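User: Hello! I would like to learn how to read aromatic rings and their surroundings in a protein model. Could you walk me through it?

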Amino acid sequence: MAIPAPNLDDRRFQDLVDDAKRMVMRRCPEWTDHNVSDPGVTLIETFAFMVDQLLYRLNRVPDRMYLKFLDLIGLRLIPPAAASVDVTFWLSSAAHTELLVPAGTVTATLRTETQESTAFSTVAPLMIVPCELSTARTQDAGVEESADRAEQMRLGLSFPAFGHVPEIGDLVLIGLTDSVPNCAVSLDFECRIEGVGVDPTRPPLEWEAWTGEGWDHCEVDRDETGGLNRAGSVVLHVPAGHRMSVIGGDRAGWIRARVIDQGEDGPRYSSSPIIDSIAACTIGGTVRSIHAEIVEDDVLGTAEGVAGQRFPLSRVPVLSGVVDPVLQVSDGDGWQEWTRVDDFTGSDPSSTHYVLDPVAGEVIFGPVVREPDGTLRQRGAVPPQDAVVRMEIYTTGGGREGNVGVGAISTLKSSIPFVSDVENRLAAQGGVDGETLDQAKDRGPLLLRTRSRAVTAEDYVAITREMAPELTRVYCLTAGEGDAQAGSVRVLIVPAAAQDEHRIALHDLVPREDTLSRIAAKLDEVRLIGTRVLVEPPTYRGITVVADVVGRKGTDARDVRSKTLDKLYEYLNPLTGGPSGTGWPFGRSVLVGELFAVLQQLPGIDYVEDVKLFSANPVTGLRGPVARKVELEPRSLVFSYEHQVRVNGV
């Protein structure tokens, strides 16, 4: 199929003739003979014929020329954004020596018969540091000094982890022989509890590590001890800031377990766990990975010593916000790093500046510009003749296919000794496809109008999308809409999130703090004086649908139920749901009648017998009364929460 050409003007010969005749009737009412025999009409038709030929040629202008027009007003296509996620490298046995996982290590999802694997690259080196138990201490709440338990452990004697009746704030401190930032540590306990303990599936313990600035949370991968109730292992993911420190005269890498309050309904210790022995070892490490390929030492060519020279990159598109591109030019004695700028407005002949077009994958050096007085001025330095130009590092790839679910990354593409498994404990987020030409055409008039000034709601949306391409949806509430007060603007942002058969985890819809701060800083620069701007995620209203459908004869009830559930999760979806399939509209109510119509169209369903609609809290799971309509506030989006389908009559 041929690529359709843009239709810049849809008027044809007869349309032009009719327009001219209507103008004649308004401007020259005394001219009443509009027949084809009139010489004036002949001139009109001749003019219309010539203009029709011009319009035909104009409509043959390809998209490349249209891009050039957009380029003249400063528009650049927004490149794709790469999904990112923490990937854990598990060792085949406890670490006995330091193991380096270099930056750029490639992991991937499993390849299937119908789908290629999705690759991820680590953005920083990971050092997996071995450790052992050095010492241990306990400290009761309200007591300043901690008790040393090292001698008791050396003699094989037991000791209580907390006070006789544990109180909130009681501590057991475990000292490691070294700091283990970003590592997974296994603490092996021989312990027991006397009397009634706590709920082993929800123990009132908080594991923390000392970072030099305070105690930071450690993620618990698994707790076989049930809160120190029985012998087993506790696997912790130590934060990146873990540091050595001195407590009670002992220098170690400290980790502690603290008794916390879980509320009135939370279980509490009735007596202290008794620890017989503790052992520690490093069994893995975690590092940030991106759905992109890291390209290093890409030689672009040799400079000719002239202004405005362009060099294409070997890989496109170039991603931003992950690894900053670094351009270097050889100066005879080594490599000189040049600075990337958006344009050459503030550049002079000595400024080592360059412009990077991330979508086209092109490096551009400063041009020579003719000033109004006729003089020529060099905007930006020119690389010397025969100098080698290279891009030391940049990233390429990205796209929404990188938003994979929990545990999807399970294959190690690079060979690293002693690493047995890899996994992602959270879903990858932030992957967004690059801007299409049609989307750029829609954004072009907004860019021309705003000129980096936010006045209308559309301006805020356009600038936010340009600043944070990793977002899938942006919506702006102005004063008077919802709870937006006078003189204020609410910018609601929805990040890209992984979907498993259209199911989304609620925590994946929470934008990252650095994304919020980056958008807020930019909007603060372009807002009108006196306007208050608040950047935040929308409020998600949980929706539960209970549907009874009658399947057609000969159909499989399980297949009908599965397809019905998939349709409900697909339609009531904040990212890809709604009538248009581009995400549920902000503030749009959910109606029972609408769900009847959606389900009735599914193959295998004879008719929809009943649909019950409930408002649900996606955090607590509490469900409201049955309703015919669930109304949403202007700042709200729907979130599918545990739909239920019963198939009858098959």
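This is a predicted model: local features need pLDDT of at least 70, side-chain atom pairs count only at pLDDT 80 or more; totals for chains, interfaces and linings use all residues.

User: How is a pair of aromatic rings described?

Analyst: One gives the distance of the centres and the angle of the planes. Rings of Phe, Tyr and Trp (its six-membered ring) pair if their centres lie within 6.5 Å; planes under 30 degrees apart are stacked, over 60 edge-to-face, and the rest tilted. By this rule the count is seven aromatic pairs. One of them joins Phe162 and Tyr269, a tilted pair with 5.7 Å between centres and 50° between planes.

User: Why does the pair of Phe162 and Tyr269 tie together parts that are apart in sequence?

Analyst: Phe162 lies in the loop between β8 (159–160) and β9 (171–176), and Tyr269 in the loop between β16 (250–259) and β17 (273–290), so the pair ties together parts 107 residues apart in sequence. Strands here are DSSP runs (E, at least two residues) and helices are runs of H or I with at least four, numbered from the N terminus.

User: Are Phe162 and Tyr269 buried or exposed?

Analyst: Buried means under 20% relative accessible area, exposed over 50%, and partly exposed in between (1.4 Å probe, protein chains only). Phe162 is buried at 3%, and Tyr269 is buried at 5%.
Another pair, Tyr475 and Phe586, is stacked, with centres 4.5 Å apart and 5° between the planes. Tyr475 sits in strand β29 (residues 471–477) and Phe586 in the loop between α8 (557–571) and β33 (590–591), 111 residues apart. Here Tyr475 is partly exposed at 28%, whereas Phe586 is buried at 13%.

User: Which ring does the charged end of Arg588 sit over?

Analyst: A charge sits over a ring if NZ of Lys or CZ of Arg is within 6 Å of the ring centre and within 35 degrees of the ring normal. Arg588 has its charged end over the ring of Trp584, 5.3 Å from the centre. Arg623 lies over the face of Phe614, at 4.2 Å from the ring centre.

User: Which residues is Ile364 in contact with?

Analyst: Contact means heavy atoms within 4.5 Å. Setting aside neighbours within four places in sequence, Ile364 touches Gln309, Arg310, Phe344, Tyr354 and Val355. Ile364 belongs to strand β23 (residues 362–365) and is buried at 14%.

Definitions and conventions
Residues are numbered from 1 along each chain as its sequence is written. Side-chain values use heavy atoms; hydrogens and water are left out.
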